[in-house]
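Subject: Structure handover

Hello,

The structure we talked about is below. My notes on its aromatic rings and its ligand follow.

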Amino acid sequence: MERVFNFAPGPSALPLSVLERAQQEMTCCSGSGMSVMEMSHRSPAYQQIYDNAVARLRELMHIPEEYAVLFMHGGATLEFAAVPLNLTRNGRADYIDSGNFAHVAAVEAQKYTNPVIVASSREDNYAYIPDWRGKLSPDADYVHITTNNTIYGTRYVELPDTGSVPLVADMSSNILSEPYDVTRFGAIYAGVQKNIGPSGAAVLIVRRDLLGHAAPVCPKLLDWALQDKNGSMINTPNTWAIYLCGLCLEWLQEQGGVEAIEKVNIEKAKLLYDYLDESRLFRPTAQKEFRSRMNVTFVTGDAELDAQFVKEAKAAGLVNLKGHRSVGGMRASIYNAMPFEGVQALVTFMKRFEAAR
Ligand SMILES: *Cc1c(COP(=O)(O)O)cnc(C)c1O
């Protein structure tokens, strides 16, 4: 069977060359005579794989020395708990509620701190990023944002200025898709299965002066300072996921890095949105100003027609286009690994589908 264009929101498409290389190295990884899955996580061979992944992420995001870079267990969702467990001091945290994951992060934080939802677009089905200006407290331990809203297809165009309060970002669905100035943030975390690698791990980038204040009840695996001291290896890490992340990061460097892939991402999104804006059948759901470059949400307005579209697209090798149930319709997730040709194929198919109505 031929490979399809996979528009899944996560886990998502990986670069073919990465999968082929992993296949080649499956039974004998970097001259070790064994698969990475069979290696001791304490072995020099594995240590090199880990160090390589961290170094590449540092290079790609220009992460300064005063930030720790860690691989954590449990994806982004476990970091929803880790954030308040590591950063609570006064007991107030500001959350900007820009989507389902942003909301779930605030609900999880309630167990450990007092999360205040300072701005929300929930009542408008998260079609835009709510305005936080003038609403942030100088006494908050941190301000939490979600830079790209995977389900609703929106993106922060501008970052909040939080003064001396650390800005914490869930970047799961747009990390490495556009340059960010890491020094604007106290902490950045991302589940890796969207733009970095396979599922089951998270990357964490945290300013070192914020480390060392974990709550007494914080599980040791979620204690950022302890993980930093132990090189993300308090216990056995997800070695396979971290290995694949390293390969994907190397691939991204071969593409010219974040600055180069951003240009491609802008072109991909433009192709799709330009067509959606002129189409008489399809309509984009996110407000224009806040459109995501990673997750493009759209509807026909007729649920049956949406289902028919998803079905016919699948038959044409364009898969996983069904939208999340809270938005309905369709969502095309076009992360870094989705080639321009994939979006071209989608737009060509959509035009044909529209012409046949
Ligand atoms: C997918 C996603 C999550 C959840 O990630 P897991 O790794 O499954 O926990 C959290 N936040 C955002 C923005 C996401 O896109």
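Ring pairs join Tyr-275, Phe-282, Phe-298, Phe-309, Phe-349 and Phe-353 into a cluster. Rings of Phe, Tyr and Trp (its six-membered ring) pair if their centres lie within 6.5 Å; planes under 30 degrees apart count as stacked, over 60 as edge-to-face and the rest as tilted.

Before the details, the basis: this is a predicted model, in which local features need pLDDT of at least 70 and side-chain atom pairs count only at pLDDT 80 or more, while totals for chains, interfaces and linings use all residues. Residues are numbered from 1 along each chain as its sequence is written, and side-chain values use heavy atoms, with hydrogens and water left out.

Aromatic pairs

Searching the whole structure gives 15 aromatic pairs. Phe-282 and Phe-309 form an edge-to-face pair, because their ring planes are at 70°, with the centres 5.1 Å apart. This pair links distant parts of the chain, 27 residues apart: Phe-282 is in the loop between helix H7 (257-278) and strand S11 (283-284), and Phe-309 is in helix H8 (residues 303-315). Helices (H or I, at least four residues) and strands (E, at least two) are DSSP runs, numbered from the N terminus.

Phe-298 lies in strand S12 (residues 295-299), eleven residues from Phe-309. Phe-298 is buried at 0% relative accessibility.

The cluster member Phe-353 has the charged end of Arg-357 over its ring, 3.9 Å from the centre. Here "over" requires NZ of Lys or CZ of Arg within 6 Å of the ring centre and within 35 degrees of the ring normal. The charged end of Arg-133 sits over the ring of Trp-132, 4.5 Å from its centre.

Ligand

Which distances separate polar side-chain atoms from ligand oxygen atoms? For Gln-193 the distance is 2.9 Å, for Lys-194 it is 2.6 Å, and an N or O atom in the side chain of Thr-150 is 2.4 Å from a ligand oxygen.

Regards

Definitions and conventions
Polar contact = N/O pair within 3.5 Å; in protein donor to acceptor, adjacent residues only side chain to side chain. Buried < 20%, exposed > 50% of the residue type's maximum accessible area, 1.4 Å probe, protein only.
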